[in-house]
Amino acid sequence: MQTEADYYALFDAYARGELAPPARTGLEARLGADPDFALRYADFDELTGTLRAVGQRRALRQQLRDLHAEMLAETSAQQPAADAPAPGALRATVNPLLRISRTERVLRDFWSGHRATVGVAASVAVLAVFGSLLGLEAWRTFSAKPSTYGYTMLRLELKQLQKNQRALSRSLNQVDTGKGGAPAPVNNGKFSGTGFALTADGYLVTSYHVIQGADSLLIEGRDQQHYHAETVYADRAHDLAILRIKDRDFNGFGRLPYTFKAGQADLGERVYTLGYPREDMVYGDGALSARSGFGGDTAFYQVSIPVNPGNSGGPLLDEHGNLIGVVSGRQSDAQSAAFATKSSLLLRLVDSLAKKQPAAPYHLPHTNRLVGTPRPQQIKKLQDFVFVVKVFEKD
Amino acid sequence: MSRGDSSSSSSTPLVPAPDEALIAAIRGGDERALAQLYRLHWPMVSHFVLQNSGSDDDAQDVYQEGVMVFYEKVRDGSLELSCQIKTYLYAVCRRLWLKRLTSKSRFGVRLQEDEDLGPLHHTGAEDDLLAAEEQDRRFTTMSEALDHLGEPCRSLLEGFYLLEKSMQDLTAEFGYTNADNAKNQKYKCLVRLKKLFFAHYKEAPI
């Protein structure tokens, strides 16, 4: 029995032509007759052929490498020789692209490899910047929705007052618990503004935005009197509200010292206001600077009085003690530009209300007791008719 | 290509060599003809690779690969050239470099080309490269099989078939008592190699 190695010895001898003629013809006959044997020979042939080819390939590779090295050595030897006779002469034969410095090569590689990534990163950065800027702007516009952008309504948030009241109710609670009584209801006064008397029998005027969302209203005078009030009419467009005092024991404000001006006031007129931007009454004066309000609204005057949150709903009077407007708001991005609803609109509102409810007449004052008196005297007469309007909201 | 001309004038009298003469010389085994061919077209390929974000080493690899394909076809006598050698080499090297670039880059590759050598579709480069790839695979499998074979089989077979040493030299080198022993050993090695080689070569995906 012949092993495979023996076959290989036979094939090897055959391939080299070392086989004796009889053995050779015998082998060839067997190759023709036995397919398995022929396949075995084909494998052997491929194996040795590939082995030789691998050898040739390695030799060729080495040869080419040597060629390359030789060529490089020659050109580098030639170059200094060629440069020497004509220094500075233009050598057109050398392609400038073949002489790229190492740094430039590295930069080029980086750029060609990361071009797309860099582009994407840059566009994302640009989008992010513009997106956040626009988003911020949109958000600011949106969040300023309750009032017009650039317009600030002047009601005061009563954090300080609230705190005081909490403290008060706490001390009351302690007294009560000593007696075993129920806890007192918690006051949640939220905002305050200013209001003033419309008639002697208990009607008041303030700004609509002061009483907006109110659950109950408390009117507080200079001499610490308290009245409960209710809203009679609210006019959102002109920022006006009419309130009425509902206390049973209320018996009138007394005669009002001012009258309401039915016509337009003139530009440049000296005007002043009283209000409660803090817990004490504050006086502010200035001039009437425009006959239209924010955004050209003709229902308002523009006045140059410094006003603050809490001034809303305060009376605006001219030098003769005529009431010409109701303070409403100011422009936040302009210097001392306050706005007040015109008194003519207030009178028109009162007229229409009187027609609807003839049973509850409005007795507007007819005589002006402020004419011709100096400003401090006017204020002394006026101050009893200007009130704090405190607004309580439901939880 | 004046650089190629100047260097070739110093090393070989065949200036300027028409393609046919060069091919005939290479087929005849003239090493100087191969050297001349190598120098003649190197600047073109190196320029092309450098311009398309390759390095000097890349250019050398690609060019040698291309020359090898050309050389082996010439030696086989299977080369059917329908264009200039220059065009053929350019087409082969261009294809090789494009393949490497695409495997390196995630994005599409656009080549920047200065050479205007006419249409490259009919140079036969594509088919020749496919054949060369198949050949490469065979050679790689064989080299791996040799590596797996272990000593002394590997050295013995390499000595005999790759380096074409005589049986007498190998007998002395490996310390066999006589040439017949060495021969027997060689055949045993061949059988083992055959198993390794065909196992890997046949099962590898085409």
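What follows is a walk through the two chains of this predicted model, their contact, and a few spots worth a look.

Residues are numbered from 1 along each chain as its sequence is written, and chains are lettered from A and ligands numbered from 1 in the order in which they are written. Since the model is predicted, local features need pLDDT of at least 70 and side-chain atom pairs count only at pLDDT 80 or more, while totals for chains, interfaces and linings use all residues.

Chain A comes with eight helices and 15 strands; here helices (H or I, at least four residues) and strands (E, at least two) are DSSP runs, numbered from the N terminus. Of its 395 residues, 27% count as buried, where buried means that 20 or more other C-beta atoms lie within 10 Å of the residue's own, exposed means 12 or fewer, and partly exposed is in between, with C-beta atoms placed from the backbone. Contacts are pairs of residues whose C-beta atoms, again placed from the backbone, lie within 7 Å. Among chain A contacts with a separation of 6 or more, 66% are between residues 24 or more positions apart.

Chain B has nine helices and zero strands, giving the pattern α-α-α-α-α-α-α-α-α along the sequence. Buried residues account for 33% of its 206 residues. For pairs at least 6 apart in sequence, 65% of the contacts in chain B join residues at least 24 apart.

Where the chains meet, chain A contributes 29 residues and chain B contributes 37. On the chain A side, helix H1 (4-16), helix H3 (35-83) and helix H4 (102-143) each supply at least two residues. H3(A) provides the largest share, with 17 residues. Sorted by class, this side of chain A has 14 nonpolar, seven polar and eight charged residues; Ala, Val, Leu, Ile, Met, Phe, Trp, Tyr, Cys and Pro count as nonpolar, Asp, Glu, Lys and Arg as charged, and the others, Gly among them, as polar.

Back in chain A, strand S13 (residues 322-331) is mostly covered, with nine of its ten residues buried. S13(A) has several partners, pairing being called when DSSP finds at least two bridges between two strands. Strand S1 (residues 151-153) runs antiparallel to S13(A) over three bridges, and A:Thr152 is bridged to A:Arg330. Strand S12 (residues 315-318) is antiparallel to S13(A), with three bridges; here A:Leu316 partners A:Gly325. In the S12(A)–S13(A) hairpin, which has three residues between the strands, A:Gly321 takes a positive phi near 85°.

S13(A) also pairs with S14(A), in the antiparallel sense and over five bridges. A:Gly329 has A:Phe339 as its bridge partner in S14(A), and A:Val326 stands opposite A:Thr341. The hairpin formed by S13(A) and S14(A) has six residues between the strands, and A:Ser336 has a positive phi near 45° there. Strand S14 (residues 338-342) is mostly covered too: five of its five residues are buried. S14(A) pairs with S11(A) as well, antiparallel over four bridges, and A:Phe300 has A:Thr341 as its bridge partner.

A:Phe294 lies in the loop between strand S10 (282-290) and strand S11 (300-303) of chain A. A:Phe294 counts as buried because it has 20 C-beta neighbours inside 10 Å. From A:Phe294 to A:Ala337 is 43 residues in sequence but 9.1 Å in space, C-alpha to C-alpha.

In chain B, helix H2 (residues 19-27) packs against helix H4 (residues 56-76) at an angle of about 75°, with the axes 8 Å apart. Axes are lines fitted to C-alpha atoms, for helices over the stretch in contact, and angles run from 0 to 180 degrees between N-to-C directions. H2(B) and H4(B) are therefore roughly perpendicular; the label covers 65 to 115 degrees, with under 35 roughly parallel, over 145 roughly antiparallel and the rest oblique. The contact uses B:Ile23, B:Ile26 and B:Arg27 from H2(B) and B:Tyr71, B:Val74 and B:Arg75 from H4(B).

Helix H6 (residues 125-149) of chain B has 25 residues and should span 36 Å at 1.5 Å a residue, which agrees with the 35 Å between its end C-alpha atoms; the expected span is 1.5 Å times one less than the number of residues. Buried positions in H6(B) include B:Ala132, B:Met142 and B:Leu149. After H6(B) comes B:Gly150, with a positive phi near 80°.

Key. Contact = placed C-beta atoms within 7 Å.
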